[in-house]
Amino acid sequence: MIISHAHRFIFLKTEKTAGTSIEIALSEFCGPDDVITPIVAEDEAMRAEAGFPGPRNYDFGRRARTLKDAVRVVKGKPIGFRAHSPAAYVARYAPAAAWRDYLKFTIVRNPFDCAISRHFWANRDGGAGADAAAINAAILAERPERLSNWPIYTIGDRIVADVVVRYENLADDLEALRLRLGLPTPLRTFRAKGGVRRNKAHYSEVLDAAARARIEQVCGRELAAHGYRWETPRDV
């Protein structure tokens with residue numbers, strides 16, 4: 001995630017929505033006082049190679065703010081803003097004026113498609129199968145919070161993002177956002193975490209009835225809020 005005081009925006013970064021690629025691109029425009037959260041080493045290398053600033057101003061030191069923070073301190077883990085910090089956490093610890101006045105935006109993706117991408121990222125070492133049976137079994141066993149991005153851009157079931165970029169219309173939506181933010185040049189294109197998804201079939205050809213029902217149950221609010229529905233390749 002990013003809090004840019006330079007350009008007065010807050011990027012609430014969802015999972016498996018090209019968020020890391022967009023975060024790298026947005027880093028180009030960040031100043032020394034902005035918050036940039038860490039990403040995985042290979043993606044940090046990509047950001048460094050582009051000459052963009054890396055992680056900064058995200059760490060709270062050892063000043064635990066919540067019980068979860070305290071647990072992380074005990075385990076010797078860093079605390080502060082993290083890549084996918086939920087909106088409620090950001091709202092609590094970002095400067096009040098920034099949360100109130102800055103443009104907040106996020107990226108959404110069809111939850112059926114997103115669930116498959118999550119599976120492959122979680123099993124990027126190749127340990128889990130790429131066939132439909134393995135994917136469906138994993139979705140049925142997954143914790144609800146690992147299937148839904150809803151808490152990242154909502155508080156009390158209310159969407160707090162001022163702008164919702166759609167993964168399916170990424171280039172056009174990002175350019176409109178870039179103009180609204182007044183960023184001087186188009187966002188650079190990066191392909192972070194690429195090449196992980198080993199099953200490229202349309203989700204309707206991968207997910208069985210049970211997996212579909214599971215996603216509809218867990219992600220019902222996302223489906224309704226953004227008009228996503230079950231589709232087949234003929235519908236697209």
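1. Basis. The model is predicted, and local features are reported only at pLDDT of at least 70, side-chain atom pairs only at pLDDT 80 or more, while totals for chains, interfaces and linings use all residues. Residues are numbered from 1 along each chain as its sequence is written, and side-chain values use heavy atoms, with hydrogens and water left out.

2. Helices α7 and α9. Two packed helices are described by the angle between their axes and the distance between the axes. Here α7 (residues 132-141) and α9 (residues 209-218) have axes that come within 9 Å and cross at roughly 35°. Axes are lines fitted to C-alpha atoms, for helices over the stretch in contact, with angles from 0 to 180 degrees between N-to-C directions. Helices (H or I, at least four residues) and strands (E, at least two) are DSSP runs, numbered from the N terminus.

3. Hand and contact of that pair. The crossing of α7 and α9 is left-handed, meaning that the near helix is turned anticlockwise from the far one by less than a right angle. On α7 the contact (heavy atoms within 4.5 Å) is made by Asn136, Ile139 and Leu140, and on α9 by Ala210, Ala211, Arg214 and Ile215. Sorted by class, these are 5 nonpolar, 1 polar and 1 charged residues. Ala, Val, Leu, Ile, Met, Phe, Trp, Tyr, Cys and Pro count as nonpolar, Asp, Glu, Lys and Arg as charged, and the others, Gly among them, as polar.

4. Helix α6. The 12 residues of α6 (residues 111-122) should span 16 Å at 1.5 Å a residue, and the end C-alpha atoms are 16 Å apart, so the two agree. The expected span is 1.5 Å times one less than the number of residues. Of the 12 residues in α6, 11 are buried, where buried means under 20% relative accessible area, exposed over 50% and partly exposed in between (1.4 Å probe, protein chains only). Among the buried residues are Asp113, Arg118 and His119. The cover over the buried residues includes α7, α9 and α10 (220-226). At the N-terminal end, Asn110 caps α6, with a side-chain oxygen 3.0 Å from the backbone nitrogen of Phe112.

5. Glu15. This residue lies in the loop between β2 (9-12) and α1 (19-27). Glu15 counts as buried because its relative accessible area is 15%. Its side chain makes a polar contact with the side chain of Arg146 at 3.1 Å. A polar contact is a pair of N or O atoms within 3.5 Å; within protein, one must be able to donate a hydrogen and the other to accept it, and residues adjacent in sequence count only if both atoms are side-chain atoms. Setting aside neighbours within four places in sequence, Glu15 is in contact with residues including Cys114 and Arg118, both of which are buried residues of α6.

6. Ser204. The loop between α8 (170-181) and α9 holds Ser204. Ser204 is buried, at 18% relative accessible area. A polar contact of 2.8 Å joins its side chain to that of His202. Not counting residues up to four places away in sequence, Ser204 touches Trp230, Glu231, Thr232 and Pro233.

7. Glu216. Glu216 sits in α9 and is partly exposed, at 33%. It touches Phe112 and Leu223, apart from residues up to four places away in sequence. Glu216 and Phe112 are 104 residues apart along the chain, yet their C-alpha atoms are separated by 8.4 Å.

8. Ile159. Strand β6 (residues 158-159) contains Ile159, which is partly exposed at 29%. From Ile159 to Arg146 is 13 residues in sequence and 19 Å in space, C-alpha to C-alpha.
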